[in-house]
Each structure stands twice: as C-alpha cells, then as structure tokens.
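Hi there,

Here is the structure I promised to pass on to you.

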Amino acid sequence: MTKKLDFFDISDEQIKSDTKGGPGGGGGNLLTLAEGDTLLRIMPPWARDRKYYKAYKMHFALNELINYGLEVDGWFNSPCLADAQGKCPLCALANRAKAIGTRNNDPQLLALSKSIRAKQQYIANVVNMNKPTEGVKLLPFGQKVYEGLQNVFARKGNITHPITGRNIVITKREIPGQRWFDYSVSPDDVADISENWDSFKGQLQDLDSYPKLPDYEEVANKVASIELIAPNSGPVTTAGGNPIPGYVPSKASRLEEVDRLLDDMED
Ligand SMILES: [Zn+2]
C-alpha cells in the first residue's frame, strides 16, 4: 500500500527530455562536500514545473586577476550577468583576454581567459543523509556532478521520490597537482524518507532566487581596474599577425595595442 504524500513529482518524460544532453557548457545553508564519500538525498522540485535543480552561470578564479591590477582583494567568484542583463563585464573581460592573447600569442592571457570565463553551475536542495538532523541544505555543483546525477536519473528514474527514491553517493577526490577536485556520482539503495518528508518539504529553498546577482555597475567598476597586460607578456605581433621574436614592447605600446583591440571589439 502506497502512503499519500504531498510533493512535486518528476515525470518520466521530464527525466527523458532532461537527460538527453544537458547544457554545454555562501551562506551557512550551503553544503560543502568533504573529500571522500558523502551520502546524499536530492530533494524533489521546490515548486510545480521546476526541476530538482536550478542552472546558472558563474565566473570563478577571479583572484587570478590580481596579477592584472585587480584592486579588489578577496573577490573569487561572481555570478554571470549575461542572462539577466544581456551583457556581463566579466564575460567581456574573458573575451578581451582571449582576443588580446590570441593576437599577441600570449599563453598567460589565453589561460586567464579560460579560467575566468563563465562556467555552467547548478544548485539543488539536498539532505546529507549522514547528518539528516541538519535538514535541507543547498548544494552547488558543476557539470561533472550534474552529468553524474542525470545519468543516475536516466538509469533509476525519479530518485527524489520520498518513498521510492534513493540516496546517492558523491565521491570527491583530490587530483594530484591540480587545484580542483574530481567528482563521481553513484546510486545508493532505495530509501523511504516519508517519515521526515513534512519537515524537509518545509525547508525547501526557492532556487529561483539563486544565485543572488551582483550590481552591474559594481562589477563593471571592479573590472575597470584591470589592465590586460600579462606580467611576462609574450611577443607582440606584426600587422600580419606574425610574432616578432625577442621583441619586448614598451608598456605604452602594449596599452595602445589593447586600446586598438578594444575599439575593434566594440565596433
Ligand atoms: Zn558573464
């Protein structure tokens, strides 16, 4: 006999259409995964016609901009403003770094462009099943975990169902020599959480309010302090795009080059 529960179901069609490919690309309530295994329960959608997650874009590694004159210490990441505002100072900066890096054959600027460009992110309501009394937390995650979760949904159906759903294990591992972690997602056993469901349901966060977007002018002002000249900028190029071997341009001439490129891009 099935117990009657008040929750937003995810239909098989939704799972199918959502697992076809997927997008390319703080606070005390946030759950930060510890290294090793974490047993989690993904909560059902917080409202009708919503998914179990909210997707958004985020710029990371902004501290790398300190090498380029960023005057705001402690600025590490910032939500992308492109979707909400139609333009984003950080996307523009990443594009400029790519354009100037390509033009000047400057690997540092190209790497910077890659580091700071907007990355696809997700956030979901979850319960850490090792500490269920802590209640519902928000788990932000990237593309690797998203794909792992979608894979589990595709194989096991709606794992968020309070009775027939199941827990999952997210494994976080250090990658030697890298600053980021590797993640994998695997399904755990079916687990009935209906006894706690009323409490969990009351704690679900409205994910439409995430991420909290920064003020456009504020981001633009921070970006304005950045000068895209690499500390050890590579050789500049001739008008034909060929690098001039061994030529170290003066800072003034490099700034002129940057201004010219910016003008080109604004046309
Ligand atoms: Zn952006």
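Let me begin with a loop: Asp49 is found between β1 and β2 (53-59), where helices (H or I, at least four residues) and strands (E, at least two) are DSSP runs numbered from the N terminus. Phi of Asp49 is near 65°, a positive value in a residue other than glycine. Asp49 is also exposed, with 7 other C-beta atoms within 10 Å. For that term, a residue is buried if 20 or more other C-beta atoms lie within 10 Å of its own, exposed if 12 or fewer, and partly exposed in between, with C-beta atoms placed from the backbone.

Two notes on reading all this. Residues are numbered from 1 along each chain as its sequence is written. This is a predicted model, in which local features need pLDDT of at least 70 and side-chain atom pairs count only at pLDDT 80 or more, while totals for chains, interfaces and linings use all residues.

Ala61 has a positive phi too, near 60°. Ala61 sits in the loop between β2 and β3 (78-79), and with 17 C-beta neighbours inside 10 Å it counts as partly exposed. One more backbone detail is the peptide bond from Tyr210 to Pro211, which is cis, with omega near -10°. Pro211 lies in the loop between α6 (194-203) and α7. As background, most residues other than glycine have a negative phi, and most peptide bonds are trans.

Now the overall picture. The protein has eight helices and seven strands, and 26% of its 267 residues are buried.

Which residues touch the most other members of the largest nonpolar core? They are Ile42, Met43, Ala124 and Val126, in a core of 23 residues. (A nonpolar core is a set of buried Ala, Val, Leu, Ile, Met, Phe, Trp, Tyr and Cys residues joined through C-beta atoms within 7 Å.) Two or more residues each come from β1 (36-42), β4 (119-128), β5 (136-141), α5 (143-156) and β6 (166-174), and α5 gives the largest share, five residues. Setting aside neighbours within four places in sequence, Val126 is in contact with Leu31, Leu40, Arg41, Ile42, Met43, Lys137 and Leu139; contact here puts the C-beta atoms, placed from the backbone, within 7 Å. There is also a second, separate core of 18 residues, and Leu81, Leu90, Leu109 and Leu228 are among them.

Helix α3 (residues 89-103) and helix α4 (residues 107-116) have axes 8 Å apart, at an angle of about 155°. (Axes are lines fitted to C-alpha atoms, for helices over the stretch in contact, and angles run from 0 to 180 degrees between N-to-C directions.) So α3 is roughly antiparallel to α4, given that angles under 35 degrees count as roughly parallel, over 145 as roughly antiparallel, 65 to 115 as roughly perpendicular and the rest as oblique. By class, this contact has nine nonpolar, three polar and one charged residues. Here Ala, Val, Leu, Ile, Met, Phe, Trp, Tyr, Cys and Pro count as nonpolar, Asp, Glu, Lys and Arg as charged, and the others, Gly among them, as polar.

Helix α3 also meets helix α7 (residues 216-224): their axes come within 9 Å and cross at roughly 30°, so the two are roughly parallel. Pro89, Leu90 and Leu93 in α3 meet Val219, Ala220 and Val223 in α7, a contact of six nonpolar, no polar and no charged residues.

Best wishes

Technical notes
Contact = placed C-beta atoms within 7 Å.
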